[in-house]
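Here is a short note for a colleague who is opening this structure for the first time. Please keep the model on screen while going through the points.

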Amino acid sequence: MFLIVKNLNKSYGTKENRIDILKNINFSLEKGSLCTLLGPSGSGKSTLLNVIGALEPIDSGSIVINEFKISNFKKNILSNFRRKYLGFIFQFYNLIPDLTVIENIMVGSFIHNDPMDVEKLIKDLDLWQHKNKYPRQLSGGQQQRCAIGRAIIKKPQILLCDEPTGALDYKSSKNILSLLQKINKEYKTTIIMATHNEEITKMSDTIIRLKDGVISQKIENKNVIDAQQLEW
Ligand SMILES: Nc1ncnc2c1ncn2[C@@H]1O[C@H](COP(=O)(O)OP(=O)(O)OP(=O)(O)O)[C@@H](O)[C@H]1O
Ligand SMILES: [Mg+2]
């Protein structure tokens, strides 16, 4: 198994202010699987992505990615691990405003000794004619494609996406989903995507539902369809 989450507990706050957010989470994913994370607002989706991405500490349990027990690593090793193996795509892009499209994407490549070819990537992202623009000069879909470029240029083994189409219209959403599907297939990138869109389950190998910080359901989908066929 590529990702193994075992007896994971995560709370925020201390003592009487402590709130348990994730409660005894257990699941595993094979390399190259595309997993959708669903659940009501506040159920813990973003928190789960953040702890898998080592952006937040956990209280107990373990997270193993590709045989690295990331829940044991020290801070500096963790940031190295993140930079090398992990891509993160946020709901609101988090681009650097003073850098152009090409510069924003290049930021993701500096630490990798064999990054993707940036020109080819920008063309694949359909951003070539916008490559010298700044984020404020781009539409939401273009910004999100730029953020995806930044996350994948280093060929991450695992890509965590927190509502990557949350701020986009129907057509842009479908294009982003197609792009994620293509990355998943081409590079065997393991993808975990938090969303409120039920339809996305149809393009996923694994569907995990959270409820109040507990996994209420995990199902495998044997009939994965093309992202362009989704409708909502
Ligand atoms: N830094 C924090 N300090 C305290 N509580 C937090 C913090 N971050 C999140 N929480 C709480 O943890 C719970 C889970 O939040 P989380 O953001 O993981 O939910 P979510 O499933 O991603 O929701 P949404 O669908 O709205 O994005 C919520 O009750 C939230 O208030
Ligand atoms: Mg969230």
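1. S11 is buried, at a relative accessible area of 9%. Buried means under 20% relative accessible area, exposed means over 50%, and partly exposed falls in between (1.4 Å probe, protein chains only). S11 sits in strand β1, residues 3–12. Strands (E, at least two residues) and helices (H or I, at least four) are DSSP runs, numbered from the N terminus.

2. A word on the ground rules. This is a predicted model, in which local features need pLDDT of at least 70, side-chain atom pairs count only at pLDDT 80 or more, and totals for chains, interfaces and linings use all residues. Residues are numbered from 1 along each chain as its sequence is written, chains are lettered from A and ligands numbered from 1 in the order in which they are written, and side-chain values use heavy atoms, with hydrogens and water left out.

3. Leaving aside neighbours within four places in sequence, S11 is in contact with R18, I19, D20, I21 and D59. Contact here means heavy atoms within 4.5 Å.

4. Now the ligand. Ligand 1 is surrounded by Y12, I21, P40, S41, G42, S43, G44, K45, S46, T47, E163 and H196. Each has a heavy atom within 4 Å of the ligand. This shell divides into 3 nonpolar, 7 polar and 2 charged residues. In that scheme Ala, Val, Leu, Ile, Met, Phe, Trp, Tyr, Cys and Pro count as nonpolar, Asp, Glu, Lys and Arg as charged, and the others, Gly among them, as polar.

5. A polar backbone atom of G42 is 2.8 Å from one ligand oxygen. For S46, a polar side-chain atom lies 2.9 Å from an oxygen of ligand 1. For T47, an N or O atom of the side chain is 2.6 Å from a ligand oxygen. On its own, ligand 1 has 640 Å² of accessible area, and the protein covers 58% of that. Such areas come from the Shrake-Rupley method with a 1.4 Å probe; for residues, only the protein chains shown count as cover.

6. Which helix gives the most to the shell around ligand 1? Helix α1, residues 45–52, does, with 3 residues. Because 7 of its 8 residues are buried, α1 is largely enclosed by the rest of the structure. The buried ones are K45, T47, L48, L49, N50, V51 and I52. Just after α1, A54 takes a positive phi of about 55 degrees.

7. Most residues other than glycine have a negative phi. N24, in strand β2 (19–29), has a positive phi of about 50 degrees. N24 is partly exposed, at 46% relative accessibility. N94 also has a positive phi, of about 55 degrees. N94 lies in the loop between β6 (86–89) and α3 (101–107) and is partly exposed at 44%.

8. N94 leads on to R150. The backbone oxygen of N94 lies 2.8 Å from a polar side-chain atom of R150. R150 belongs to helix α5. Is R150 buried or exposed? R150 is buried, with a relative accessible area of 15%. Beyond four places in sequence, R150 is in contact with Y93, N94, L95, N104, I105 and G108.

9. The largest nonpolar core has 33 residues, and I105, I148, L159 and L180 have the most contacts inside it. A nonpolar core is a set of buried Ala, Val, Leu, Ile, Met, Phe, Trp, Tyr and Cys residues joined through side-chain atoms within 4.5 Å. Elements giving two or more residues include α3, α5 (140–152) and α6 (170–187). A second, separate core of 30 residues includes F2, L37, L160 and A194.

10. Last, I122 in helix α4. I122 is buried, at 0% relative accessibility. Not counting residues up to four places away, I122 touches I102, I105, L127, W128 and K131.

How values were computed. Polar contact = N/O pair within 3.5 Å; in protein donor to acceptor, adjacent residues only side chain to side chain.
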